[in-house]
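Here's a quick briefing to read with the structure open beside you. Take a look first, then work through the points by topic.

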There are 4 protein chains.
Amino acid sequence: MESARWLQLQRTVRFGDTDAAGVMHFHQLLRWCHEAYEESLERFGIPARHLFPAPTWARPPSQPEAADPGAESPSVALPIVHCSADYLAPMVCGDQLRIHLEPKLQDAGAFSINYRFEPLDPVPAASQPLGEAAAPRPLALACTRHLAIDRHSRRRCDLPTPIRRWLEMSGIGLGVRPL
Amino acid sequence: MESARWLQLQRTVRFGDTDAAGVMHFHQLLRWCHEAYEESLERFGIPARHLFPAPTWARPPSQPEAADPGAESPSVALPIVHCSADYLAPMVCGDQLRIHLEPKLQDAGAFSINYRFEPLDPVPAASQPLGEAAAPRPLALACTRHLAIDRHSRRRCDLPTPIRRWLEMSGIGLGVRPL
Amino acid sequence: MESARWLQLQRTVRFGDTDAAGVMHFHQLLRWCHEAYEESLERFGIPARHLFPAPTWARPPSQPEAADPGAESPSVALPIVHCSADYLAPMVCGDQLRIHLEPKLQDAGAFSINYRFEPLDPVPAASQPLGEAAAPRPLALACTRHLAIDRHSRRRCDLPTPIRRWLEMSGIGLGVRPL
Amino acid sequence: MESARWLQLQRTVRFGDTDAAGVMHFHQLLRWCHEAYEESLERFGIPARHLFPAPTWARPPSQPEAADPGAESPSVALPIVHCSADYLAPMVCGDQLRIHLEPKLQDAGAFSINYRFEPLDPVPAASQPLGEAAAPRPLALACTRHLAIDRHSRRRCDLPTPIRRWLEMSGIGLGVRPL
């Protein structure tokens with residue numbers, strides 16, 4: 001089953017992502033995870049300023065605050081409390097990757113995201129052993145776990161509505177239209 | 001005049017690019033410059049492995065070395081010997097940017113690239129003072145200067161042919177078909 | 001029990017490590033882990049060039065290769081195949097941290113390192129509830145797992161002798177003199 | 001003349017600072033510059049929280065706000081408006097560097113810092129050509145320029161007193177005792 005278009009992203013390994021061993025340096029993968037999470041929300045229709053803090057003065061004159069009720073700095077933070085990654089094959093500069101995201105509601109105030117990194121153009125079927133499944137072998141797997149925290153009380157709280165909707169729609173998957 | 005499609009790129013400011021002042025942390029801009037340079041070459045038709053070193057063992061089975069004469073690690077390095085940046089306006093998480101590249105041949109063994117970062121959706125003309133030009137005000141300007149170095153002798157040498165062609169075509173600009 | 005001096009490191013949270021939420025951005029912790037691992041080896045007496053690849057031309061004239069048998073690029077790579085991190089409390093710019101490393105031999109060709117990040121100057125005992133242990137509460141925990149890979153055959157191999165000695169000495173702990 | 005102890009710092013090139021060409025990736029140098037600037041202020045006696053923003057909730061219980069009048073988020077920002085770097089020689093993993101800082105007052109609301117990166121243990125005099133000065137050849141030079149901006153009005157303002165004192169003392173140099 002194909003996943004929704006906001007859950008399948010792409011990225012290319014850049015020269016600055018590599019180290020002197022010639023391959024992607026391990027902690028860059030975690031950066032890619034967060035950037036993929038942000039891009040997924042963006043594609044789904046949630047503007048960054050509804051979830052990530054930014055100074056109020058930075059707002060351009062074309063977007064007065066009155067016109068955008070979600071525009072003030074969000075009152076709920078979504079810090080990462082856990083992450084992990086498994087590196088299954090090296091990635092080199094220029095490699096084109098597909099990233100599959102699998103967001104999951106944990107409870108009313110927490111969610112996790114699983115990430116699967118695959119080659120964009122996997123080895124063609126003809127060169128694979130007989131009987132092997134067509135699904136490309138992942139290059140890396142990763143996971144992040146996020147908690148909702150009220151910015152003022154610094155206590156756990158419920159997830160904001162937009163992210164809750166993103167989680168629900170992502171669970172349903174194929175064929176669902178984003179916001 | 002519009003520039004060639006490999007010289008106009010886009011990028012979104014991500015959360016990890018910001019610092020506790022709420023805006024893009026200055027050295028991230030230099031990372032974006034190098035990534036834009038790599039993406040420009042890629043769009044022009046120059047594979048990363050023709051210019052950037054990578055371990056030979058990392059080659060996928062679908063791309064045997066014999067089939068790709070440019071595939072062995074490139075014999076010419078193109079290190080950056082100078083860079084600079086001017087920050088004209090703050091950028092916050094979620095900002096969508098247009099990046100204009102202006103590559104220039106310096107001599108047979110050196111080139112530079114100027115970068116202009118602009119808002120993707122600039123302030124509409126109606127909100128601008130009368131008589132002001134329509135061109136969006138840049139958010140940042142940057143420059144990198146690259147030398148060709150022979151990997152074995154460690155001496156200056158001529159630029160590789162693909163990058164020379166990219167520089168020539170970029171100078172001609174609009175309407176030129178890439179490789 | 002105090003741990004060996006090569007297993008207790010320090011670091012200060014820098015401005016570029018933070019994000020617009022005002023706290024350390026999660027993936028920086030994994031960078032700190034690798035840097036702590038490198039510093040630990042350095043303090044123990046293992047030069048970086050014995051374990052991490054570097055171009056041979058980069059050797060300074062004062063260190064001719066003949067004088068240093070371990071100087072050629074190491075034949076064994078030690079890639080990270082797994083990492084994880086738990087974030088227990090936020091860290092802000094200027095925070096001074098103590099990092100405890102706990103390296104562990106897994107088998108002849110693999111090892112892991114556990115990392116514990118604590119405030120360098122923890123909350124004084126007087127301000128703590130009665131009966132609470134004096135050990136400072138960690139701010140974060142992390143783990144990396146490394147495999148030994150022969151650079152030429154790309155197959156698993158035994159750990160290099162210096163890292164094996166570092167693992168053994170680290171297990172014995174206090175009072176052991178490094179190389 | 002030797003410079004003050006808060007203007008001479010050290011750092012080691014780490015594996016994650018390198019790229020697949022085997023040398024320090026250019027934009028890492030700008031990160032090192034900012035970290036050296038922060039460390040210089042810290043050694044001079046200016047706590048990070050007096051100059052760099054941080055969330056108020058992050059304050060540890062041992063440092064109540066009342067006890068520290070400079071503890072609230074600083075009202076003046078010091079954004080970088082320009083930077084540049086010259087790369088004179090490659091740096092590889094494990095290289096130990098000395099960083100010399102030369103801060104300069106530009107006007108009441110602006111300052112710049114020049115950075116010189118040298119090998120910590122330069123080539124011994126015996127191996128140098130006759131008559132050559134003993135001063136080690138720099139590996140890289142860099143510069144950052146900072147403006148004082150009032151956080152509320154977003155207009156230029158005067159530099160905060162602590163940074164002004166750091167600039168004055170740095171100009172006087174040797175023999176001056178920090179705060």
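Two strands pair if DSSP finds at least two bridges between them. Helices (H or I, at least four residues) and strands (E, at least two) are DSSP runs, numbered from the N terminus. This is a predicted model, so keep in mind that local features need pLDDT of at least 70 and side-chain atom pairs count only at pLDDT 80 or more, while totals for chains, interfaces and linings use all residues; side-chain values use heavy atoms, leaving out hydrogens and water. Residues are numbered from 1 along each chain as its sequence is written, and chains are lettered from A, with ligands numbered from 1, in the order in which they are written.

**Strands in chain B**

- Strand 3 of chain B (residues 80-87) runs antiparallel to strand 6 (residues 140-147) of chain B, and 7 bridges join the two.
- One of the pairs to look for is Ser84(B) with its bridge partner Cys143(B) in strand 6.
- Strand 3 of chain B also pairs with strand 3 (residues 80-87) of chain D, antiparallel over 5 bridges.
- Across that pairing, His82(B) has Asp86(D) as its bridge partner.
- Strand 3 of chain B is largely enclosed by the rest of the structure, because 6 of its 8 residues are buried (buried means under 20% relative accessible area, exposed over 50%, partly exposed in between, with a 1.4 Å probe and protein chains only).
- Strand 1 (residues 8-12) of chain B has 4 of its 5 residues buried, so it too is largely enclosed by the rest of the structure.
- Strand 1 of chain B is joined by 5 bridges to strand 4 (residues 96-107) of chain B, and the two run antiparallel.
- In strand 4, His100(B) is the bridge partner of Gln8(B).

**Chain A at a glance**

- Chain A has 2 helices and 7 strands, in the order β-α-β-β-β-β-β-β-α from the N terminus on.
- Of its 179 residues, 52% count as buried.

**Nonpolar cores**

- A nonpolar core is a set of buried Ala, Val, Leu, Ile, Met, Phe, Trp, Tyr and Cys residues joined through side-chain atoms within 4.5 Å.
- The largest one has 91 residues, and Trp166(A) and Trp166(C) have the most contacts inside it (contact means heavy atoms within 4.5 Å).
- Helix 1 (residues 26-44) of chain C supplies the largest share of this core, 9 residues.
- Leaving aside residues up to four places away in sequence, Trp166(A) touches a set of residues including Trp6(A), Tyr37(A), Phe44(A), Pro103(A) and Phe111(A).
- A second, separate core has 90 residues, among them Leu9(B), Phe52(B), Leu97(B) and Cys93(C).

**Cavities**

- A cavity here is a set of points, on a 1 Å grid over the protein atoms alone, where a 1.4 Å probe fits but cannot get out; lining residues have an atom within 4 Å of a point.
- The largest cavity is lined by 23 residues, with His27(B), Gln28(B), Gln28(C), His27(D) and Gln28(D) nearest its centre.
- Helix 1 of chain C gives the most to that lining, 4 residues.
- Which classes of residue make up the lining of the largest cavity? There are no nonpolar, 12 polar and 11 charged residues (Ala, Val, Leu, Ile, Met, Phe, Trp, Tyr, Cys and Pro count as nonpolar, Asp, Glu, Lys and Arg as charged, and the others, Gly among them, as polar).
- The second largest cavity has a volume of about 70 Å³, and its lining divides into 8 nonpolar, 1 polar and 3 charged residues.

Terms used
1 Å grid on protein atoms, 1.4 Å probe; cavity = no way out; pocket = protein on both sides within 12 Å on 5 of 7 lines; lining within 4 Å. Points joined across faces, edges and corners; volume = space filled by probe spheres on them.
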